[in-house]
Amino acid sequence: DDILPFLAIPFAIIISLLTIRMHLKTRKQRIARRDYYREYLKSDAWKRKRYVVLKRDKGICQHCGAKAEQVHHKKYARNIGTEPIKWLESICKDCH
């Protein structure tokens, strides 16, 4: 008897509820990844990579040739902090 009310729920509603649950889970994961990434950008490891990239590119924006102030990820590693230097480029604020 306890299961009969559940069976009365249309299949579409069940799918909708599962989709919402999955969306909320992935949203939480995206927020957690974003927060971890922001902390990584404050780390000594990132500061060292940033220095190496700016030095390699001679402080020049790789897009327009202006003075570079930032380092941009051309690609993102699945695991934050494991990106190789070749995936990074010096870039000016306007181009970023």
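With which side chain does the side chain of Asp 57 make a polar contact? The partner is the side chain of Arg 56, at 2.9 Å; a polar contact is a pair of N or O atoms within 3.5 Å, where within protein one must be able to donate a hydrogen and the other to accept it, and residues adjacent in sequence count only if both atoms are side-chain atoms. The model is predicted, so local features need pLDDT of at least 70 and side-chain atom pairs count only at pLDDT 80 or more, while totals for chains, interfaces and linings use all residues. Residues are numbered from 1 along each chain as its sequence is written, and side-chain values use heavy atoms, with hydrogens and water left out.

The protein contains 3 helices and 2 strands, in the order α-α-α-β-β along the sequence. Helices (H or I, at least four residues) and strands (E, at least two) are DSSP runs, numbered from the N terminus. Of the 96 residues, 20% count as buried; buried means under 20% relative accessible area, exposed over 50%, and partly exposed in between (1.4 Å probe, protein chains only). The protein exposes about 7,800 Å², of which carbon and sulfur atoms supply 59%; accessible areas come from the Shrake-Rupley method with a 1.4 Å probe, and for residues only the protein chains shown count as cover. Among contacts (heavy atoms within 4.5 Å) between residues at least 6 apart in sequence, 53% join residues at least 24 apart.

Strand 1 (residues 70-73) and strand 2 run antiparallel and are joined by 4 bridges; two strands pair if DSSP finds at least two bridges between them. In a regular strand the side chains alternate between the two faces of the sheet. In strand 1, Val 71 and His 73 form a covered face, whereas Gln 70 and His 72 form an uncovered one. Strand 2 (residues 88-91) is covered on both faces, with Leu 88 and Ser 90 buried on one side and Glu 89 and Ile 91 buried on the other. Across the pair, His 72 stands opposite Glu 89 and His 73 stands opposite Leu 88.

His 73, in strand 1, has a relative accessible area of 3% and is therefore buried. Its side chain makes a polar contact of 3.2 Å with the side chain of Tyr 37. Not counting residues up to four places away in sequence, His 73 touches Tyr 37, Trp 46, Glu 83, Trp 87 and Leu 88.

The largest nonpolar core has 9 residues: Tyr 37, Tyr 40, Trp 46, Val 53, Leu 54, Ala 68, Val 71, Ile 80 and Leu 88. A nonpolar core is a set of buried Ala, Val, Leu, Ile, Met, Phe, Trp, Tyr and Cys residues joined through side-chain atoms within 4.5 Å. Helix 2 and helix 3 are the elements that give two or more residues to this core, and helix 3 provides the largest share, 3 residues. Leaving aside neighbours within four places in sequence, Ala 68 is in contact with Leu 54, Gly 59, Ile 60, Cys 61, Ser 90, Ile 91 and Cys 92.

Rings of Phe, Tyr and Trp (its six-membered ring) pair if their centres lie within 6.5 Å; planes under 30 degrees apart count as stacked, over 60 as edge-to-face and the rest as tilted. By this rule there are 2 aromatic pairs. In one of them, the ring centres of Tyr 37 and Tyr 76 are 5.8 Å apart and the planes stand at 75 degrees, so the pair is edge-to-face. This pair links distant parts of the chain, with Tyr 37 in helix 2 and Tyr 76 in the loop between strand 1 and strand 2, 39 residues apart. Tyr 76 is exposed, at a relative accessible area of 51%.

Asp 57 lies in the loop between helix 3 and strand 1 and counts as buried because its relative accessibility is 11%. Besides Arg 56, the side chain of Asp 57 reaches the backbone nitrogen of Ser 90 at 2.9 Å. Residues up to four places away in sequence aside, Asp 57 touches Gln 62, Glu 89 and Ser 90. Lys 58, found in the loop between helix 3 and strand 1, is exposed, with a relative accessible area of 69%. Phi of Lys 58 is near 55 degrees, a positive value in a residue other than glycine.

Leu 41 lies in the loop between helix 2 (11-40) and helix 3 (44-56) and is partly exposed, at 31% relative accessible area. The C-alpha atoms of Leu 41 and Gly 81 are separated by 9.0 Å, with the two residues 40 apart along the chain.
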